[in-house]
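Here is a short briefing on a single chain.

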Amino acid sequence: MLQGFRAASESWLGKIVITVVFGLLIAGLAIFGIGDIFRGGGTAAVATVGSTKISAEAVRSAYQNQIQRLARQARRPITPDQARALGLDREVLSALVTEATLDQKTRELGLRVGDDAVIRLIKEEPAFKGANGAFDIGVFNDTLRQAGLSEAAFVQEQRAVAARLQLAESLTADLTVPLAVRDAIHRYTTERRSAAFILLPESAAGEIPAPTEEEARTYYEEHKGGFRAPEIRGVTILVLDPTTLAKPDAVTAEEARARYDADRGRYGTPEKRTIQQIVFPNEADAAAALKRIRDGEAPFESIAGERGLDPKSLDLGTFTRAELFDPAVADAAFALPQGTVSEPVKGRFGTVLLRVTAIEPGSIKPFEEVADQIRTEIARERARDGLEKVHDAIEDQRAGAKPLTEIARERDLPLVTVPATDAQGRDPKGQPVEGLPDKDAVLPAIFRSEMGADSEALRTRAGGYLWYDVTRIDPAHDRPLDEVRDQVAAQWKADEVEKRLAAKAREAAEWLDKGETIEAVAAAYGVEARHASDLARGRAKDGLTPESVGRIFATAVGKTGSASAGDKVRAAFKVTSATVPPLPSGPQGSVEQQYRQALADDVLAEYIADAQRQAGVSVNEAAFRRAIGGEY
């Protein structure tokens, strides 16, 4: 069952069927917040699947955990607006509805996984094994504690996961991929084509004069929406973060020196050591092995071999002291002379013998060189400690209708004044607006707000806050022709080039269709005759873009066509051959598995969709919006 559990988690649908994947939980990245979801929570139902309700707390927890997971992947904060723009809210709701559907089905069918099977699954999970390779209750409890889970809640969820997996396996076990499907996929992925072609560049369109007044006006009227002036807004922004609050000059030399002396390793390159270790079940065995090494009976590598370790896998790696997870191992390793074996060390995962095989000395910068850096660090730490108090004080002032300009002046905080910006952060001339803080978060907020509105503070990437007041709103409007005449003329000319190139490419294709050689057609247009072979779907080659290659595959052998081949380039071509290798008669290994997995996903998707139709799914949109953090 565990093997099936892991295999199922590889497909997109399997990731929904199996909500809690052990590896994600261990890393602290559980997609769905089971620590909160399965402890109950709010009673308001965001969605209902048959008789199964999905609470607001379940949605909120899952949504926040998914945002945090995405932020860790992106290595930057993800704002709620960005999360919604990515469709994260609907993705989480869809996954929870799917999960509830499967849980309801397992209950209806009477599927239940016994205690013995659940315990076996947990004990066989490598993430819960200790240094001796066996299940370690201490590792298990530590992991659950870090995830905020009780043992009962975790076991309950694993029981549900296993039941979902049983249901999924009953539907998809021993699926065979029909020969017709295999053949169609094989042809699509392995077919290769050859073509003779020419590429017509922009110059082939000839000289194009400026548009007449009538042509310009007609084009403007037909494409007026493309020349509209966007909505423009003015805004003042008050920024509060540790950097703006920090006062490095207030940090004394003594305070900076104390910080330096306490952690000199930070101010330079720390010493690194390459460490080897052998793990023993107890201290007695480790001591006996050490005696044999020191008496010359067996070298370190031989002891490792007796323990079933490959000598090549002895190396833990090269680390600084701070990079070693186990403090006892770190202390012992960094006290050892190079080449010597340590006394038995009682580490977190067992008793070990250590050997240092290489030492890279560290270097420390003098205090005078890093004094300013240390003062800034201390000042920012102090600012972070007082940040929330300043935030609350500013909120009180905002509640009293005090303007941002006065607040900034009183508190000596920076005030950013943006006279005009559109929703993309450009000024009326189309140039980027400089100095706009956290624009990915602040711009959507500015354009949702109104003049005079008491807008809530936004969190910044630096961990601070910003407040904003909209000071100007110029609605979007049509620009008169005289104002955009140059843009109209340029766009008209670009479209005219495309039209002429398309017409010439069609004309060239017609000549090829009538029997003209590619060389003759190329000479008529003053371009190079080209030949491409081994063309594959979706891949650019020999000057042909994926789009033009796609047109070649959509054209019968011996026939001609034309297609775009890039910006202001058109291709005229004749398909000269198409080849497909024979379909293998035996098993196709990973390819066959991919077909089977895709078919299994389709079967499960259809089953879930039908189960939802039968059970009935309802979503309380207002409760959903509240659960993920407000109306939008």
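Predicted model: local features only at pLDDT ≥ 70, side-chain atom pairs only at ≥ 80, totals over all residues.

Residues are numbered from 1 along each chain as its sequence is written, and side-chain values use heavy atoms, with hydrogens and water left out.

**Whole chain**
- The chain has 25 helices and 17 strands; these are DSSP runs, with helices being H or I of at least four residues and strands E of at least two, numbered from the N terminus.
- Of the 632 residues, 41% are buried (under 20% relative accessible area; exposed is over 50%, partly exposed in between; 1.4 Å probe, protein chains only).
- Among contacts (heavy atoms within 4.5 Å) with a separation of 6 or more, 70% link residues 24 or more positions apart.

**Thr555 and the strands around it**
- Thr555 sits in the loop between α23 (546-553) and β15 (560-564).
- Thr555 counts as buried, because its relative accessibility is 10%.
- The Thr555 side chain reaches the backbone oxygen of Arg551 at 2.8 Å.
- Beyond its neighbours within four places in sequence, Thr555 contacts Arg193, Thr560, Phe573 and Val575.
- Strands β3 (residues 192-200) and β16 (residues 570-579) run antiparallel, joined by 9 bridges; strands pair if DSSP finds at least two bridges between them.
- Arg193 stands opposite Ala578 in β16.
- β15 and β16 also run antiparallel, with 5 bridges, and Thr560 has Lys574 in β16 as its bridge partner.
- The hairpin of β15 and β16 has 5 residues between the strands, and Gly566 takes a positive phi near 125° there.

**Salt bridges**
- The whole structure holds 38 salt bridges (a side-chain nitrogen of Lys or Arg within 4 Å of a carboxyl oxygen of Asp or Glu).
- Glu301 and Arg355 meet in one, at 2.5 Å from N to O.
- Glu301 lies in helix α16 (residues 300-306) and Arg355 in strand β9 (residues 350-360), so the pair ties together parts 54 residues apart in sequence.
- Glu301 is partly exposed at 33% relative accessible area, whereas Arg355 is buried at 14%.
- Arg273 pairs with Glu271, the closest N and O atoms being 2.5 Å apart; Arg273 is buried at 8%, and Glu271 is partly exposed at 26%.
- Glu221 pairs with Lys224 at 3.3 Å between the closest N and O atoms.
- Glu99, Asp103, Glu157 and Arg164 are linked in a network of salt bridges.

Note on methods. Polar contact = N/O pair within 3.5 Å; in protein donor to acceptor, adjacent residues only side chain to side chain.
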